[in-house]
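Here are my notes on the model you sent over, point by point. Have the structure open while you read.

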Amino acid sequence: MKKRIALICLLLVGMIMNGAYAQSRTDSFFKTGDKISFIGNSITHSGDFHHYILVYYATRFPELNISVYNLGIKGDNANSFLRRMDADIIPKKANWSIIMAGMNDVNRSLYAAERQGDTDIQSRKERALSDYRNYYETVIQRLLKTKTKIILQKPSIYDQTGDLPVPNLMGVNDALKKCTGIIDELAKKYKLQVIDYWTIMAQLNKQLQQKDPKATIVGNDRVHPGPVGNFVMAHQFLKSTSAPTSVSAIEIENGAVKNSSYVVVKDLSVKDGTITFKAKEESLPFPMPQEAEPALALVPFAEELSKQSLKIGGLTEGSYTLTIDGTFIGNFTAQNLENGINLSNFKNTPQYKQAVKVLQQAILYRNTQRKVRDLKFVEFSYLPENLWNGDFNGIKAFMDNYLSFMQTSNDARYPNFKKVFDDYLKDKPSQRMFEKQIDSLAGVIYTTNRPKEHTFQISKSDLNMPDRSKAPFGVNLAGAEFAHNKIPGIYAKDYIYPTIDELDYFKSKGMTLIRIPFLWERLQHELGGELDQLELQRLMTIVDAARERKLWVILDMHNYGRRYVNGTREIIDSENLPIAHVADAWRKIATEFKGKDNIWGYGLMNEPHDMLKPNSWFNIAQVCINKIREVDQKTPIMVGGDSWSSAERWMEFSANLKNLVDPSKDLIFEVHIYFDEDASGTYKRSYDEEKADPNIGIKRATPFVKWLKENNFRGFVGEYGVPDDDPRWLVALDNFLTYLTKNNLNGTYWAAGPWWNKYRLAIEPKNDTDRPQMVILEKYNYTEQHRK
């Protein structure tokens with residue numbers, strides 16, 4: 001017996017030493033198969049904060065298979081919960097009922113400025129709070145009879161402090177604070193847990209408005225949180241329910257597994273200074289939705305709830321490259337690895353990419369539940385109880401009569417009611433299908449989320465950028481310049497920066513030059529002002545990510561010789577937009593980026609055109625060159641041509657650029673070349689209708705190439721592209737790129753980027769499938785760079 005025990009101990013020690021032991025997850029607040037109902041008003045109805053909670057659980061606990069029910073109805077209050085209790089809430093037979101009310105219970109209309117003189121206004125406010133307490137307590141009592149576990153949620157805030165565009169109902173948020181006190185009393189009486197959204201959101205809102213009075217953690221309507229506010233709520237819920245911090249933890253010291261938590265590590269080997277091992281984690285990292293990313297500046301989500309730790313000790317000094325399944329993740333110093341890195345922060349890991357697929361399914365789940373809640377909203381808000389489960393024809397007859405009465409009585413609400421009822425009648429026949437989709441999607445989520453084994457490799461890094469004598473071909477990664485008329489715009493809604501996945505994809509295709517369009521107004525909000533630090537950080541982040549992959553970057557001010565000033569789009573060199581301002585912007589940009597050794601060039605201006613004076617563009621370019629050279633004498637400066645940077649019209653509009661003076665003698669001249677008849681790149685008609693031919697690109701490039709050779713200049717084609725729907729365009733593209741290569745010109749294809757979808761020129765892959773143009777583009781990686 002003693003020998004057997006000793007053998008078991010030896011085996012356990014061996015398993016631990018070789019990493020083939022994982023600490024099993026037992027740290028979930030919810031348990032396997034739990035059904036969780038979120039009961040509330042419009043904030044619950046929208047589905048966002050509990051959507052983020054579901055995503056957390058689906059990635060952190062892939063085996064739990066919990067169900068999350070959206071039982072929100074916009075406009076509801078605690079009394080409304082009672083009204084639909086038997087028809088909507090109790091039938092779910094939830095293990096957990098999580099309740100939020102207050103925003104509608106306080107009766108916000110009582111706080112309108114014009115009503116504050118009413119003689120009974122104060123008593124009505126007090127009565128609303130009294131009713132809230134009574135109805136809320138009755139809700140709790142009804143639910144307790146069903147044996148469900150209950151969590152009370154304090155309401156989110158009403159923003160009565162922000163400088164927002166809608167009327168301010170002063171006092172509503174103070175009333176909501178009183179609601180939080182009532183919740184505390186009820187929680188104590190019935191021994192229930194409380195989630196406090198009101199306090200954290202009030203604190204964060206105050207912080208935001210100390211910097212910007214127009215900022216808000218909710219929406220401009222003062223009531224409904226957007227993605228950031230909803231994410232803060234989800235973070236608060238998870239923290240309050242002791243959600244675990246760790247995704248997984250791997251620690252290797254001197255070539256041996258020192259610790260492994262929530263992961264099985266095996267096949268560890270050290271050979272020629274390279275460490276390789278396999279790991280299968282029990283969880284996936286949390287996939288941060290783009291629209292909610294600004295919340296990370298408000299709450300420490302990664303540190304508190306999303307640590308996927310990798311520590312490697314005992315390495316000699318230097319830089320090391322981490323790959324997972326052959327995918328480049330990043331370069332790290334030996335000290336970085338010894339201190340530990342949080343892999344959850346890297347969106348290019350195979351684990352993170354798998355988690356994104358879980359997120360995508362969860363979004364479909366949320367959206368489909370929302371469709372059902374929209375139907376329930378109409379039923380509980382407008383239909384009599386006898387029609388809640390009535391036949392379709394009966395419901396339609398009721399609605400027709402209701403609308404007829406409203407129309408006859410000239411009710412101003414008629415158009416809105418008609419739209420609501422029409423939408424209901426359109427979607428109601430599909431309700432059963434929606435409900436089946438919800439069940440199906442829940443199953444897909446808990447299939448997609450099962451972790452897989454991955455191969456990790458840590459090896460010495462080669463950090464040197466390629467020799468500039470080889471001029472790379474590449475791609476425009478568009479997105480940051482989108483919605484140019486929305487200034488500064490909302491990140492991840494109006495515009496977007498490239499992703500790490502795109503850098504890796506295009507590098508794998510041999511495209512190692514990335515042209516990044518950006519808007520001057522977004523990077524510098526005020527003329528002559530400092531650069532916006534958040535926008536600068538976004539741009540810097542993609543430049544740094546490209547550097548880690550040894551990719552070159554062009555910073556392209558994508559403004560067409562214009563910018564918005566006080567809401568009006570002004571042309572540079574006009575009275576309201578003197579040249580000095582764009583030069584100031586470039587001096588500040590160069591100051592920030594001059595230390596980055598992967599900047600292929602500063603692109604002064606995308607496609608200037610129709611400038612105010614014959615020499616405006618020449619003068620603008622010269623002043624910008626002078627200002628840049630005050631702070632950066634090493635980075636090449638790229639000067640596009642006038643008249644939309646046309647190669648074909650170069651001699652007419654841009655030949656004078658040969659007289660530009662650069663103290664560093666490091667200018668690159670840029671043209672754009674498209675193959676449709678008007679060279680606009682819109683390709684509105686077919687190949688034949690555009691009068692194209694196999695050599696159309698060569699013909700258009702020739703005047704520019706001749707000018708370069710005559711003046712011994714370097715050139716670059718910043719944009720070219722063809723549609724994906726006729727193979728003859730690909731022949732023209734192939735011939736064109738052969739011509740560029742022979743004449744020592746490189747270029748960047750237009751375009752790719754996270755938001756390209758049906759754009760015919762795009763080479764953004766669709767469903768992990770290459771676009772047709774890629775067959776040609778992969779053939780051209782470099783040309784020899786002509787030097788003066």
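1. Start with helix 12, which gives the most to the lining of the second largest pocket, with 7 residues. Bear in mind throughout that this is a predicted model. The pocket holds about 480 Å³ of space. Its lining has 21 residues, and Tyr 69, Leu 71, Lys 92, Val 372 and Glu 435 are the ones nearest its centre. Besides helix 12, strand 2, helix 5 (85-89) and helix 15 (431-448) each give two or more residues to that lining. By class, the lining splits into 10 nonpolar, 4 polar and 7 charged residues.

2. How many cavities of 30 Å³ or more does the structure hold? There are 3 of them. Gly 47, His 50, His 51, Leu 54, Val 68, Asn 70, Ala 362, Tyr 365, Arg 366 and Gln 369 form its lining. In terms of elements, helix 3 (48-60), strand 2 (67-72) and helix 12 each supply at least two of the lining residues. Helix 12 again gives the most, this time 4 residues. The lining comes out as 4 nonpolar, 5 polar and 1 charged.

3. The second largest cavity has a volume of about 50 Å³. Look for it between Phe 473, Gly 474, Met 511, Tyr 720, Leu 737, Leu 777 and Tyr 780, which line it. Here the lining has 6 nonpolar residues, 1 polar residue and no charged ones.

4. On to the cores. Which residues have the most contacts inside the largest nonpolar core? They are Tyr 136 and Leu 152, in a core of 111 residues. Helix 12 (residues 350-382) turns up here too, with the largest share of this core, 11 residues. A second, separate core has 104 residues, including Leu 503, Phe 736, Ala 751 and Ile 776.

5. Tyr 136 deserves a look of its own. Leaving out residues up to four places away in sequence, Tyr 136 touches Ala 78, Ile 99, Met 100, Ala 101, Leu 152, Gln 153, Ile 183 and Leu 186. Glu 137 sits in helix 6 (residues 121-144). Is Glu 137 buried or exposed? Its relative accessibility is 10%, so Glu 137 counts as buried, the cut-off being under 20%. Beyond the neighbours within four places in sequence, Glu 137 is in contact with Leu 186, Lys 189 and Tyr 190.

6. Helix 16 (residues 500-508) has Glu 502, Leu 503, Asp 504, Tyr 505 and Phe 506 as its buried residues. Leu 503 is also one of the residues in the second core. What covers the buried residues of helix 16? The cover includes strand 12 (327-333), strand 16 (474-477), strand 17 (513-518), helix 18 (533-548), strand 25 (746-752) and helix 25 (774-777). After helix 16 comes Gly 510, with a positive phi near 85°.

7. A glycine to check is Gly 681, in the loop between strand 23 (667-672) and helix 23 (696-711). Gly 681 counts as buried because its relative accessibility is 9%. Apart from neighbours within four places in sequence, its contacts are Tyr 674, Asp 676, Tyr 759 and Leu 761. Glu 719 is 38 residues away from Gly 681 in sequence, with 9.3 Å between their C-alpha atoms.

8. Finally, the record. An unreviewed UniProt entry annotates residues 38-229 as "domain: SGNH hydrolase-type esterase". In the model, that stretch is 46% helix and 12% strand, and its end C-alpha atoms are 17 Å apart. For residues 478-753, UniProt (unreviewed entry) lists "domain: Glycoside hydrolase family". This second span is 36% helix and 17% strand, and its end C-alpha atoms lie 5 Å apart.

Definitions and conventions: Residues are numbered from 1 along each chain as its sequence is written. This is a predicted model: local features need pLDDT of at least 70, side-chain atom pairs count only at pLDDT 80 or more; totals for chains, interfaces and linings use all residues. Side-chain values use heavy atoms; hydrogens and water are left out. Buried means under 20% relative accessible area, exposed over 50%, partly exposed in between (1.4 Å probe, protein chains only). Contact means heavy atoms within 4.5 Å. A nonpolar core is a set of buried Ala, Val, Leu, Ile, Met, Phe, Trp, Tyr and Cys residues joined through side-chain atoms within 4.5 Å. UniProt positions are given in the numbering used here, feature names are shortened, and annotations may be inferred rather than shown by experiment. On a 1 Å grid over the protein atoms alone, a cavity is a set of points where a 1.4 Å probe fits but cannot get out, and a pocket is an open set with protein on both sides within 12 Å along at least five of seven lines; lining residues have an atom within 4 Å of a point. Grid points are joined across faces, edges and corners, and a volume is the space filled by probe spheres set on the points. Ala, Val, Leu, Ile, Met, Phe, Trp, Tyr, Cys and Pro count as nonpolar, Asp, Glu, Lys and Arg as charged, and the others, Gly among them, as polar.
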